[in-house]
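Thanks for coming. I will go through a few residues, one at a time, and say where each sits and what lies around it.

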Amino acid sequence: MSRLRRLAVLAAAVALPALGLTLAGQATASAAPNFQVPFKCGVTVDAATYSGHSPEYSVDFQKSGITGMPVLASASGTVTRVENEGSASYGRWIELDHGGGWRSRYAHLSTQSVSVGQSVTGGKQLGTAGATGNVTGPHLHFEERLNGVVQKAKLNGAAVPYYAHTDFTSKNGCGGNPYSAEEVCGDGFSVVDQQALAGSSGTAYLLYNASTRANCVTTLKATSLGTASAVAAFLEVQGGARTTDSGSFTYYAGPVKKTADSTCVKWGGSVGGNTYESGFEHCD
């Protein structure tokens, strides 16, 4: 996810994903929300995927005693559908719109506790799991959709294996920033320096990829998580221009990447009015 942008609010009071932008300012594909396991923090469920499942890339969450367990929003969004098809198809089900073409669906519910048009944050209870609709046993049917097409699911940044039974432990509602600096910068990057910002508002990170000799800076928020607020990250190679990514973001700023082979760099970031700026350093 090194080239994906953080989630950004597209509607009042709702954290929604923004269009991705390269550092050159050109549009890329819309970034997916950081979908979470749709159960309470610490709950472990079997994410079952099947060849021939309809739709193919949907996930059936299974667990002993799942009936009546709270089902949570996997990401912030707006409720677009609350349906009851009785003993057919999805039975009781809910759909959320996360912006940027992304939607999620939760089916075979025993109860529904939200209404169409309602804004929900990630971790908000939508209802409870059950066995309504055309099913052979209780489970939660889950889909991640982009522009109406079901995608291979990711949960907390990890791809759900196809076709298999895989245990996932929920981090939904556990608190803290759901992203790591390594996730933001991508494969091959490791943290070489970091600085906590005043007021425990966040942390600026400098990472390095030894294979490509690229540096990466990101600033991860620790406050107002899931709500768009001012955050920035910058990177400057000595003798070159500074590149800054700043705006109103829900989880982080960056990644800002530059190659600096044996050249000093200056780096830093901010959350709100709390700012860190290094001197020129890490010259090797």
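Start with Gly-273, which lies in the loop that joins strand S22 (265–271) to strand S23 (274–277). Please keep in mind that what you are looking at is a predicted model.

Is Gly-273 buried or exposed? Gly-273 is exposed, because its relative accessible area is 76%, and the cut-off for exposed is over 50%. Along the chain, Gly-273 and Ser-201 are 72 residues apart, and their C-alpha atoms are separated by 9.4 Å.

Next is Gly-188. This glycine is also in a loop, the one between helix H1 (181–185) and strand S16 (190–196). If we set aside neighbours within four places in sequence, Gly-188 is in contact with Tyr-208, Asn-209 and Ala-210. Ser-211 is 23 residues from Gly-188 in sequence, with a C-alpha to C-alpha distance of 7.4 Å.

Glu-144 is buried, yet it has no salt bridge. Which side chain of opposite charge is nearest to Glu-144? That is Lys-154, 8.4 Å away. A salt bridge would need the charged atoms within 4 Å.

How values were computed. Residues are numbered from 1 along each chain as its sequence is written. This is a predicted model: local features need pLDDT of at least 70, side-chain atom pairs count only at pLDDT 80 or more; totals for chains, interfaces and linings use all residues. Side-chain values use heavy atoms; hydrogens and water are left out. Helices (H or I, at least four residues) and strands (E, at least two) are DSSP runs, numbered from the N terminus. Buried means under 20% relative accessible area, exposed over 50%, partly exposed in between (1.4 Å probe, protein chains only). Lys and Arg count as positive and Asp and Glu as negative; His and the chain ends are not counted. Contact means heavy atoms within 4.5 Å.
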